[in-house]
Structures are given as structure tokens and as C-alpha cells.
Amino acid sequence: MRRPVAVRVVGPTQWIVYPALITAAVTFILATPVKLFGFSLPEPVIPMVLAFAWPLIRPSVIAPLVLATLGLFLDIFWGGQMGMWPLSLLAIYAVVLGSRSFLIGQDTVVLFVWYAACCGLAFLIAYLIKTVSAGNAPSILALIGQVVPTLLLFPFADRMIERFEDGDVRFR
Amino acid sequence: MAFRDGPFENLKVPLVWTSAVAVVVCAVGAILLLISDARAQASPYQPARAAVETVAGPVGGVFAAPVRWFGHVSDYVGGYFFAVSENRRLKRELAELQPWRDQAIALKNINARYEAMLGLRAEPDVPMRTARSVSDSRGPFSNARLLDIGARQGIKVGNPVINEHGLVGRVVGTSGSVSRMLLLTDVASRTPVLVDRTDARAILTGDGSGNPRLEFVRGVGSVQPGDRILTSGDGGGFPRGVPIGVAAKGIDGTWRVKLFSDRGAIDFVKILLFEDFGQLIGADDLNAAPLAALDTLPEATGAQASAIDDAAARRDSAARAAAERARAAAAAPPPVPTPAPAQPRPQAAPPPAQPAASPPGGTE
């Protein structure tokens, strides 16, 4: 008699909902008005980590919806133009989804280069939208001040990919 | 027959394609949001923003509280250990400020007398509300803060916000108990300002960096490094004369302003309940005579009245004579062309004769 094989399944709650909630919470905490040694807390766009990692973990219908919701949260919480961050985050998701077959199994360095390129694209979209809507281009130095902390979050994206990439044996 | 044994055995859901469709649908929604938000005069999503801010305000206050307590503790400890040096510094500053205080009192007195004599309407005091900053967004795309008081405390969109050093920003959104303040450094911030030394006007434009740009500066050489920049009050959005910062040349060659408000933490702020000039001056006052002191002047004496009449008659006769001369010149035949004169002619005619003398003690 054959024994039933236990199928390990990591549901969307684990790899979509919880990370999204953690992202929103950390964004909230980093908005605390505090200065340490004359410097404010960094303000990276944390959902970009998810926008890069989710399509590599598994294509999903829920992930773009949650990503758009997170973008709307950023728009409202940071007081920006509605729709700016959803569009930027979805651009990352779309690019990575399109190049998924190439990126799966690549070395960490290659993934980081792609992560940096995707973040650059997303910030470029946000920069253009803000420039058009405000009639005034944001400072490049200030932009670098947000891009660098966002790039430094790559280890979290890499860790997520390693943790959940093989989370559902049906997708092997 | 089991499902996997049927004709759908090899059917696979194209997850990549369904995911791509979801991306496209969400992107189209985001673009529609962008367009609708940009085209509307006032954001149609203000209720959603107000709802999120109503929740975010108190929660942000919880996160900000330990930071504030820690700051108080460090201030207390620092004050205990540096009390002697601080006492010496304060005594020195007090000695330096004593003559300034005397001058300020004297100038205030003289200023009040001038205002009374000229019938000037000085701006009345503007009521204020104290608020605490509970949340902060700092990136290149948004520089704003949430404050812990809102419409229930009388805060309205457009109210200027200051701290103990100078102007910080203005209120751009309110809900019941929370309001959103747009900082001077935000990309969307435009503030009409003046240079204190030259009275030249300019627009202070934020760009997400710490030092906003001075644009549209009126006049050549009207700004120098170190000039104080104040609100001009043009347009009625801000009261005139609120300190903002000092001018400095940026590394990109543009004029920028080092903000006074950066000298300390923007934690506690004051919101000026100022909307526009109409709030300060009623319609009846605006329709009143421009110089209120004219009503209080005594009647002219006989000598003064005759001197005023005499001056008016002289002015009328001079104007009539000038008009007569102009008519005669226009009616005369055109001059015959002649060879070029040996001597250059005077470039301009001498000015018309003025009245011989003004009447004694006469003022027109």
C-alpha cells in the first residue's frame, strides 16, 4: 500500500499578505519624526523589494493587486499623486515577470543588477510623473538619498526568493 | 471518472498570463487615478486621504512619543551636566541683547506714532494653535508632516505653520483631528518672498532638497549671500514678514535659502489661523478713506485756505498756458528744410517755468 505523500504548500498568506503587512508597518515606523545625530531616518520605498521578489517566487493574480494596494497606501500616507507609486511598482513587477524564465536560478549578483535596474526604472517613472504634475523637477541629490536605501534592501528580496521559491512543490 | 482521467488532464492554468492580465488591469487603474487626480482642481480623493490620516495620526503619535520622551530625558541630563556653561552663555547673550531691547522699545513707540499720524492700518495679531508633528515623509517626491490637530480645532487648508525659528510650511489637508502640513522643501511648494535688504520679490520653490530655490528674483544684484528672506505677503497666502532663512549660492549656481526652521527639530509647531487679507480687514474697512487721519485734521484757517486756492490757481494757469503753446506749435506750418547747422542744437527744451514761489506755509 502506497503511503500518501505530504505536499508542502506555502499559501499566499505567507508570501504575499504577511510581507505586505510588514512592509506597511515598517514604512509607518520609518515615518517617525526623529533625528539621530542630525540625520533623519531613511525612507526607502520598501514595497519595491516585494515587487521584485514576488514574480520570481511564483506568478500570481493576487500579487499585482496587493502591490497596487501598497502603492496606493504610499500615495496616501506620503501625500503624493494618487496612482504614482502603484504604476511604478507594477512596472517592476511587469519587467521581472516578463524576464522570469531568464532570472530563475541566476546568481545573486545578477539578481542584484536586475533589482537595481528595475528600481531605477520605477524611480524614473515616479520622477517623470512628479515633474509633470508639480511643474518642477525634484532634486537629483534628494532622489539619490531615497534610491540608495532602497537598493540596500536587496538582501531582503534575495532572502524572500530563497525562502519561498520552492515553497510549493506543484510549481517545480 | 476522476477529473484527471478526463479530457482536462493536461489543461494547465496559464498563471503567467493571468498574472500579466492582472498587472495590466491594475496599471490601467493607476493611470486613471493619476489622470483624475491631476485634472481635478481639488483632489477628489481627499476623503480617503483624511480617513487614512485620521488613523495614521494617533498611531504615529504613539511611535513619536518614546522618541520625544528620550529627547526630554537627554535634554534633562544634558541640562544637569552643562548648567554652568549654559548659564554663562545665557548671561553673555542677555548682556548683548539689553541694548537691542531698549532700541526695540523705542522703535516700537516711534512706529506706533507714525502709524497713527499716517493713518496706516497695521496687520492685527493672528491667532495661533500649537500642534505636534506625529509623522514625517521626507523623500524627493514628498515633504510633508502630519500634525495632531485638525478641523475641530479651527485649522483650515492654507494656514501657515511656523516653529520658534521661522516659517515651516502650510496646511494642505485637514480631517477632524489631524492635518497635513506641506513643508517649504516640497516639490509642490511655492511661497512668495522678499529679500529683507533690497525689498526685491521672488518665489521660493521647493525641490525635495533641504534648501529650496529662489526663483523669479526681481532686479539685478538684488540678492547677496547672507540676505534674510521673509514672506512678502503677496497674494495673501501668508502674512508679510515671517522669517524664512538666509540666501546662499547653491552648488548648481542657483540662489537657495538656508531655512531657519532647520536650526531645531520640527516637533512642536504653531499654526497661524491666517487665511488671506480678507480675514484681517473687513469689507467696510476696505471701502473707507485711504487715510483715516484725514478725518481727524482740523479745519483750514483763512490764510491756509487762501494759500491753497492761490496755489491751485497758479497750477491751472500754468497748465492752460502749456496747452496753448502746444496748440500753437501744432497749428504752425512745417519748417523749411535748411542745411545742417554749424552748432549743435540743444537736445531738449528748457522745463516750463514753475510758479514763482509757494505760498508761505502752504501745503497742497
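This is a predicted model: local features need pLDDT of at least 70, side-chain atom pairs count only at pLDDT 80 or more; totals for chains, interfaces and linings use all residues.
Residues are numbered from 1 along each chain as its sequence is written, and chains are lettered from A and ligands numbered from 1 in the order in which they are written.

Two packed helices are described by the angle between their axes and the distance between the axes. For α4 (residues 84–98) and α6 (residues 108–134) of chain A, the angle is about 150 degrees and the axes are 9 Å apart; axes here are lines fitted to C-alpha atoms, for helices over the stretch in contact, and angles run from 0 to 180 degrees between N-to-C directions. The helices α4(A) and α6(A) are therefore roughly antiparallel to each other, since angles over 145 degrees count as roughly antiparallel, those under 35 as roughly parallel, those from 65 to 115 as roughly perpendicular and the rest as oblique. On the side of α4(A), the residues that meet α6(A) are A:M84, A:W85, A:L87, A:S88, A:L89, A:A91, A:I92, A:V95 and A:V96, and their partners in α6(A) are A:C118, A:L121, A:A122, A:I125, A:A126, A:I129 and A:K130; two residues are taken to be in contact if their C-beta atoms, placed from the backbone, lie within 7 Å. By class, this contact of α4(A) with α6(A) has 14 nonpolar residues, one polar residue and one charged residue, where Ala, Val, Leu, Ile, Met, Phe, Trp, Tyr, Cys and Pro count as nonpolar, Asp, Glu, Lys and Arg as charged, and the others, Gly among them, as polar.

Chain A as a whole has eight helices and two strands, these elements being DSSP runs numbered from the N terminus, with helices (H or I) of at least four residues and strands (E) of at least two. Along the sequence, the elements of chain A follow the pattern α-β-β-α-α-α-α-α-α-α, and the C-alpha atoms of the chain fill a box of roughly 70 × 30 × 30 Å, taken along the principal axes. Of the 172 residues of chain A, 45% count as buried, that is, with 20 or more other C-beta atoms within 10 Å of their own, whereas a residue with 12 or fewer is exposed and one in between is partly exposed, with C-beta atoms placed from the backbone. Among contacts in chain A between residues at least 6 apart in sequence, 73% join residues at least 24 apart.

The contact between the two chains takes 43 residues from chain A and 46 residues from chain B. On the side of chain A that touches chain B, the elements that give two or more residues are α1 (12–30), α3 (62–78), α4, α6 and α7 (140–151), and the largest share, seven residues, comes from α4(A). By class, this side of chain A has 29 nonpolar, 11 polar and three charged residues.

Chain B contains six helices and 12 strands, and 26% of its 364 residues count as buried. Among contacts in chain B between residues at least 6 apart in sequence, 58% join residues at least 24 apart. The domain assignment of chain B gives domain 1 (86–122) and domain 2 (127–277), with bounds that come from an automatic or database domain assignment, and the C-alpha centres of domain 1 and domain 2 of chain B lie 26 Å apart.

Several individual residues of chain B can also be described. B:R228 lies in strand β9 (residues 228–231) of chain B and is partly exposed, with 16 other C-beta atoms within 10 Å. When residues up to four places away in sequence are not counted, B:R228 touches B:D196, B:P243 and B:V246. B:D199, in the loop between β6 (190–195) and β7 (201–205) of chain B, has a positive phi of about 65 degrees although it is not a glycine, and with 12 C-beta neighbours inside 10 Å B:D199 counts as exposed. Phi is also positive for B:F216, near 55 degrees, and B:F216 has its place in the loop between β8 (213–215) and β9 of chain B, where it is exposed, with 10 other C-beta atoms within 10 Å.
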